[in-house]
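Dear colleague,

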Amino acid sequence: MSQTPRTAAVIGGGPAGLMAAEVLVAGGAAVDVYEAMPSVGRKFLQAGVGGLNLTHSEPDTQFLARYGAARDWVRPWLDSFGAIALRSWAEGLGMETFVGTSGRVFPRQMKAAPLLRAWLRRLKDSHVHFHMRHRWRGWKDAHLMFDTPGGAKTAKPDVTVLALGGGSWPHLGSDGAWVPVLRGRGVNVSPLKPANCGFDVAWSEHLRGRFAGQPVKSVSAWLEDEAHRQGEFVITTHGLEGGLIYFLSAALRDSIDAEGSAILHLDLAPNRDLPKLLQDLRKPRGGQSLASHLRKQAGIEGVKAALLREVLGKDLPEEPAALAQTIKDLPLKLTAARPLVEAISSAGGVPADELDPRLMLRRLPGVFCAGEMLDWEAPTGGYLLTACIASGRIAGAGAAAWLGERP
Ligand SMILES: Cc1cc2nc3c(=O)[nH]c(=O)nc-3n(C[C@H](O)[C@H](O)[C@H](O)COP(=O)(O)OP(=O)(O)OC[C@H]3O[C@@H](n4cnc5c(N)ncnc54)[C@H](O)[C@@H]3O)c2cc1C
């Protein structure tokens with residue numbers, strides 16, 4: 001005698017939700033995916049615009065350390081579906097991956113669209129049903145409520161997975177509107193904050209006008225006693241942004257939250273130590289201007305020279321020791337993180353203690369959560385997608401197991 005399959009709703013068609021749907025349907029559930037936008041995976045597609053950095057090839061311990069304070073929470077997700085598993089999963093969809101020079105892993109085709117297309121085809125072939133333009137509003141009694149172009153609709157699945165994303169780039173669908181809904185149900189959600197974001201600096205009119213949009217490379221950057229990290233960033237009209245800044249953004253943001261501002265230290269000549277730089281700057285200048293002496297002897301010109309003037313004043317000191325010292329440790333005062341809507345990702349969300357190890361909300365049995373809406377953060381480098389997809393698997397498997405335990 002065949003049993004009617006148990007029903008599962010997955011709300012949010014980003015990578016976390018799609019992975020939860022994949023696991024649930026494999027476990028025998030009848031799965032409906034509800035998505036607010038006209039199509040799923042919009043942020044995933046955006047992530048593929050500059051090359052989809054799916055994961056990272058570094059050793060597990062280093063990989064796990066990227067999740068900072070949340071590493072112990074994330075560990076079991078990655079133990080069950082880490083970088084290697086993710087790569088072979090992508091390859092199972094016909095998307096060969098490769099390791100770039102920085103250790104980052106990309107699909108050979110670089111874009112997200114072919115992967116998403118193949119994934120959706122497989123999900124549809126497995127009879128996952130998609131409901132676009134269904135914006136979840138919360139619950140009425142035990143029913144999920146959706147706003148749709150055809151009016152309000154409800155659903156009463158046996159189990160629900162929420163994979164609603166964070167609050168960055170809200171025009172792509174994840175707008176954080178779920179936060180008050182869960183709080184209304186007693187779930188203690190941490191405020192969403194910008195992660196992998198730019199920062200405000202009170203630039204002079206000169207620097208902003210002449211150098212906004214210009215890359216600063218190669219430099220190293222650090223906060224107080226932290227390790228130095230080499231990379232590059234971009235000057236913006238508001239301040240600065242880019243890979244190097246994103247990497248430090250959690251610590252910078254937290255420092256601004258606590259102190260009102262943060263000092264970012266820059267080494268504008270990272271490939272030369274202080275004694276060598278000093279030796280070079282002490283070479284006779286002859287009739288040269290200080291600007292051309294700095295360019296020839298220290299490689300400081302253009303935007304780097306402007307940054308030096310921003311800190312030391314328009315009339316730079318002639319004394320080589322003062323110049324060398326500031327080139328090697330240029331302090332920049334950051335006054336605010338850029339708003340969440342501009343950030344690459346979100347920090348904050350549903351914290352670990354609100355969820356059981358299967359990612360079910362302790363206060364709402366039968367409701368699981370996955371992806372960026374959970375309260376962990378990581379730098380760019382493939383760590384975001386890896387943890388979103390891995391947590392989608394945990395939530396999907398947890399939801400399937402929970403269904404199996406119901407009479
Ligand atoms: C520009 C950019 C580049 C990025 N590049 C990378 C990268 O290279 N590598 C990497 O690892 N990460 C990258 N990321 C981050 C990565 O894309 C996200 O972390 C990831 O997409 C989050 O997955 P998710 O499934 O948790 O949420 P999302 O992808 O945000 O999906 C959530 C889904 O839920 C839907 N939704 C929200 N609210 C509702 C509602 N009320 N009702 C119904 N549906 C709803 C949304 O429309 C959305 O489709 C990038 C992000 C950006 C913005």
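Two residues are said to be in contact when heavy atoms of theirs lie within 4.5 Å. By that criterion, among the contacts in the protein chain between residues at least 6 apart in sequence, 70% join residues at least 24 apart. Please bear in mind that this is a predicted model, and that the values below are computed from it.

The protein chain holds 14 helices and 20 strands, and its C-alpha trace spans about 95 × 40 × 35 Å along the principal axes. Of its 407 residues, 53% are buried, while the accessible surface comes to about 18,200 Å², with 52% of that belonging to carbon and sulfur atoms.

Turning to the ligand, there are 29 residues around it, of which Glu-35, Asn-53, Ser-174, Glu-372 and Leu-385 come nearest. The shell that these residues form divides into 14 nonpolar, 11 polar and four charged. As for individual polar atoms, a polar side-chain atom of Glu-372 lies 2.6 Å from an oxygen atom of the ligand, whereas in Trp-136 a backbone N or O atom lies 2.9 Å from a ligand nitrogen atom, and in Ala-16 a polar backbone atom is 3.0 Å from an oxygen atom of the ligand. Taken alone, the ligand would expose 1,000 Å², and the protein buries 95% of that area. Two or more residues of the shell are given by each of α1 (15-26), α2 (42-47), β7 (135-140) and α14 (383-405).

Helix α14 also contains Ser-391. Is this serine, Ser-391, buried or exposed? Because buried means under 20% relative accessible area, Ser-391, with a value of 0%, counts as buried. Leaving aside residues up to four places away in sequence, Ser-391 touches Trp-77, Leu-359, Ala-370, Gly-371 and Leu-374.

The other helix to look at is α11, which covers residues 290-298 and whose buried residues are Leu-290, Ser-292, His-293, Leu-294, Gln-297 and Ala-298. An α-helix has 3.6 residues a turn, so residues three or four places apart point the same way. After α11 comes Gly-299, with a positive phi near 65°.

Methods: Residues numbered from 1 in each chain as written. Predicted model: local features only at pLDDT ≥ 70, side-chain atom pairs only at ≥ 80, totals over all residues. Heavy atoms only, no water. Near = heavy atom within 4 Å. Polar contact = N/O pair within 3.5 Å; in protein donor to acceptor, adjacent residues only side chain to side chain. Areas by Shrake-Rupley, 256 points an atom, 1.4 Å probe, with all protein chains shown as cover. Helix = DSSP H or I, 4+ residues; strand = E, 2+ residues; numbered from the N terminus. Nonpolar A, V, L, I, M, F, W, Y, C, P; charged D, E, K, R; others polar. Buried < 20%, exposed > 50% of the residue type's maximum accessible area, 1.4 Å probe, protein only.
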